Amino acid sequence: MSRKQPFQSTISVRFNDIDAMGHVNNAVIFTYFEEGRKALFYDAFRQSVPGGFNFMVAHLECDYILPVRLEDRLLLTMWVTAIGTKSFGLAYALIDATDQNRFFAKGSSVQVCYDYRQRQSVPVPQTLKKALMAYHLPS
């Protein structure tokens, strides 16, 4: 895999994502990031069961730029920013699918590879490193 490009996934705004202010609640944006991670790992590994995700989110942040409304069409762009010994970083850009210069939110996360049986962090497996490299666009 040598494509070195961001991963993109469409995000559907659900009616129950909308709060009393008429826009997507800020906490839901993190759910959109989570949906993106799920889609990325399905794309890279055809992995779709919880046990197949051998990492945990150690840090997650978001800058809110514009409110998302029910009628907005969203595109989540993601890329790998770093691959360390036991962790890897992801960046997120939630944009308007009809105008990719219109940003709703930007964020980042750090995932730590984890052995849930031994309850400890572990090195990033070589297969994961190789798959992540296809989306690695260093800052």
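I began with the accessible surface of the chain, which comes to about 8,000 Å², 52% of it belonging to carbon and sulfur atoms (Shrake-Rupley method, 1.4 Å probe; for residues, only the protein chains shown count as cover). I note that this is a predicted model, in which local features need pLDDT of at least 70 and side-chain atom pairs count only at pLDDT 80 or more, while totals for chains, interfaces and linings use all residues. Residues are numbered from 1 along each chain as its sequence is written, and side-chain values use heavy atoms, with hydrogens and water left out.

Next I looked up the fold: the chain has two helices and six strands, running β-α-β-β-β-β-β-α from the N terminus (DSSP runs numbered from the N terminus, helices being H or I of at least four residues and strands E of at least two).

Buried residues make up 36% of the 139 residues (buried is under 20% relative accessible area, exposed over 50%, partly exposed in between, with a 1.4 Å probe and protein chains only).

I then turned to helix 2, residues 126–133, where Leu128, Ala131 and Leu132 are the buried residues. Seen down the helix axis, they fall within an arc of 100 degrees, so they line one face of helix 2 (the arc is that of the directions from the helix axis to the C-beta atoms). Gln126 and Lys130, on the other side of helix 2, are exposed. The buried residues of helix 2 pack against helix 1 (26–45), strand 3 (74–83), strand 4 (87–96) and strand 5 (99–115), contact meaning heavy atoms within 4.5 Å.
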